[in-house]
Amino acid sequence: MTRTQFPFLASAALAALVAVPLGVFAEPVAYPEGYRHWHHAKSMVIHDGHPLADPFAGIHHIYVNDPALEGLQTGRYADGSVFVFDLLEADAGDEAITEGERKLVGVMVKGAETYRETGGWGFEGFAGDSRDQRLVSDGGQGCFACHQSQADSDYVFTRWRP
Ligand code: HEC
């Protein structure tokens, strides 16, 4: 190895070391205060045995703020667009399915630069009714891995329904 190559390789190695922790410690996703007054996009019931059952079994409602509603219609999401996945127990009985306890609140917030490691979306989960008990510890990589199948719609599964 010549002396001119060495400094370049050393700085590349350093950059690789720094890049990993930066990705993991991207800006924390804020709890989506007031989301129950946002727009309701859709609902779904997931039974045990479904591929998403662990951890998403139950009934969930998806809420969007104004910029995300616009994004659903245009296909382009401005920074600050937020999706909320409000997951409740699905209580079956008396020939009906009703909402039970809240299991978790999943959040996706658009920040093209802030969250570039995960497709420009910050992912977080809040346990039950907690506003500070966070469930995501890998910078959102696990969430993003599955949402990657929706690359054609900016990693969003939900579709616009008038
Ligand atoms: C194994 C696949 C999978 C994983 C892992 C996953 N999701 Fe999702 N996510 C989905 C699917 C499928 C939907 C659409 C649900 C529906 O149609 O009601 C969805 C929808 C969402 C939505 C509503 C916006 C959209 O894309 O429709 C949010 C918010 C969300 N997920 C957050 C998360 C968070 C936070 C994590 C990680 C803690 C996560 N997801 C992990 C499959 C996944």
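In what follows, Ala, Val, Leu, Ile, Met, Phe, Trp, Tyr, Cys and Pro count as nonpolar, Asp, Glu, Lys and Arg as charged, and the others, Gly among them, as polar. On that basis, the shell around the ligand divides into 14 nonpolar, 5 polar and 2 charged residues. The model is predicted, with local features needing pLDDT of at least 70 and side-chain atom pairs counting only at pLDDT 80 or more, while totals for chains, interfaces and linings use all residues. Residues are numbered from 1 along each chain as its sequence is written, and side-chain values use heavy atoms, with hydrogens and water left out.

**Shell**
- Of the 21 residues around the ligand (a heavy atom within 4 Å), those that come nearest are Lys-42, Cys-143, Cys-146, His-147 and Thr-158.
- Among the helices (DSSP H or I, at least four residues) and strands (E, at least two), numbered from the N terminus, α4 gives the most to this shell, with 4 residues.

**Polar contacts (pairs of N or O atoms within 3.5 Å)**
- A polar side-chain atom of Lys-42 lies 2.5 Å from an oxygen atom of the ligand, and a polar backbone atom of Phe-157 is 2.8 Å from an oxygen atom of the ligand.
- An N or O atom in the side chain of His-147 is 3.0 Å from a nitrogen atom of the ligand.

**Iron atom**
- His-147, which lies in helix α4, is through NE2, at 2.2 Å, the only protein donor of the iron atom of the ligand.
- Donors here are N, O and S atoms within 2.8 Å of the metal (3.2 Å for Na, K and Ca), and sites may look incomplete, as water is not among the atoms.

Methods:
Polar contact = N/O pair within 3.5 Å; in protein donor to acceptor, adjacent residues only side chain to side chain.
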